[in-house]
Amino acid sequence: MEFQDYFPIWNKLNTAQQDRIMGSLADRNVKKGTVIYSGSLDCTGLFLVKSGQLRAYILSDQGREITLYRLFDRDMCLFSASCMIHSMQFEMTIEAEKDTELWMIPAETYKSIMEESAPLANYTNELMASRFSEVMWLIEQILWKSLDKRVAEFLLEEAAIEDTSRLKITHEAIANHLGSHREVITRMLRYFQNEGMVKLSRGMITILDENKLEKLKG
């Protein structure tokens, strides 16, 4: 499938606007673990995921990470072109969680078309509102939800994403997603194991009782 099939409002742009996007579009293939955006000053452009998986996270002064959201097939990343939004400062890092194919639209191209196209401006506003809603939801989870519930929810979400109950993920990776410490996550997972919800092995977590995790998640 081509870019036109992935971009949701392609048919609402006029021919000249479509030509400008296609003329500036760049294909990228990035390996797992590659950082493709870092910091508000790195105005790379907008990413549209063709296949693979990206992770957007923030990093504290102490080096702790917390995942803001993830991007999958057909998802668009707007904050990687934050310079086109006036007065927006958002220190965020975007990393490939899997080998990923994506398209990049330069920020200046996208901004110039957005200024003359109401459908693109509306789509951009909706996308921005959706991402901020995800971030606000995350803040609510951190403030009001206990860590055991968040870990249970993460494991169930990861199983749904990977379509398997055998998760190849480290305790360190889970800690980075949830903004916690590896030692804390390890203690929590050992408790889950003692309760018969999971089985732990090196680099692997196997979900044994999804119903118990669902009840714990609440």
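Q: How are K217 and E214 placed in helix α8?
A: This is a predicted model. Because K217 and E214 are three residues apart in helix α8, which covers residues 210-217, about one helical turn separates them.

Q: What does K217 form with E214?
A: K217 forms a salt bridge with E214, and the closest N and O atoms are 3.4 Å apart.

Q: What is the general point about spacing in a helix?
A: An α-helix has 3.6 residues a turn, so residues three or four places apart point the same way.

Q: Is E214 buried, partly exposed or exposed?
A: E214 counts as partly exposed, because its relative accessibility is 34%.

Q: How many salt bridges does the structure hold?
A: The structure holds 12 salt bridges. One of them is between the side chains of R70 and E158, at 2.8 Å from N to O. This pair links distant parts of the chain, with R70 in strand β5 and E158 in helix α5, 88 residues apart.

Q: Are R70 and E158 buried or exposed?
A: Both R70 and E158 are buried.

Q: Which salt bridge does K98 make?
A: The side chain of K98 meets that of E162 in a salt bridge of 3.1 Å, N to O.

Q: How accessible are K98 and E162?
A: K98 counts as partly exposed because its relative accessibility is 30%. E162 is partly exposed as well, with a relative accessible area of 31%.

Q: Changing topic, how long is α4?
A: Helix α4 has 27 residues and reaches 38 Å from its first C-alpha to its last, which is close to the 39 Å expected at 1.5 Å a residue.

Q: What happens at the start of α4?
A: There, a side-chain oxygen of S117 reaches to within 3.3 Å of the backbone nitrogen of L120.

Q: Which residues of α4 are buried, and what covers them?
A: The buried residues are L120, Y123, T124, L127, M128, R131, V135, L138 and Q141. Their cover includes β5 (65-71), β6 (76-77), α3 (107-114) and α5 (147-162).

Q: And where is I139?
A: I139 is in helix α4, residues 118-144. It counts as partly exposed, because its relative accessibility is 36%. Together with M136, L143 and W144, I139 forms a nonpolar patch on the surface, and the four have about 500 Å² of accessible area together.

Q: You mentioned α3 as part of the cover. Where does T109 sit, and is T109 buried or exposed?
A: T109 is in helix α3. T109 is buried, because its relative accessible area is 14%. Leaving aside neighbours within four places in sequence, T109 is in contact with R20, I21 and S24.

Q: Last topic: where does K199 lie, and which residues does K199 touch?
A: K199 lies in strand β10, residues 198-201. Not counting residues up to four places away in sequence, K199 touches Q193, M204, I205, T206 and L208.

Q: How far apart are K199 and L48?
A: They are 151 residues apart in sequence and 36 Å apart in space, C-alpha to C-alpha.

Note on methods:
Residues numbered from 1 in each chain as written. Predicted model: local features only at pLDDT ≥ 70, side-chain atom pairs only at ≥ 80, totals over all residues. Heavy atoms only, no water. Patch = residues over 30% accessible without salt bridge, like charges linked within 9 Å, V, L, I, M, F, W, Y side chains within 5 Å. Areas by Shrake-Rupley, 256 points an atom, 1.4 Å probe, with all protein chains shown as cover. Helix = DSSP H or I, 4+ residues; strand = E, 2+ residues; numbered from the N terminus. Buried < 20%, exposed > 50% of the residue type's maximum accessible area, 1.4 Å probe, protein only. Expected span 1.5 Å × (residues − 1). Contact = heavy atoms within 4.5 Å. Polar contact = N/O pair within 3.5 Å; in protein donor to acceptor, adjacent residues only side chain to side chain.
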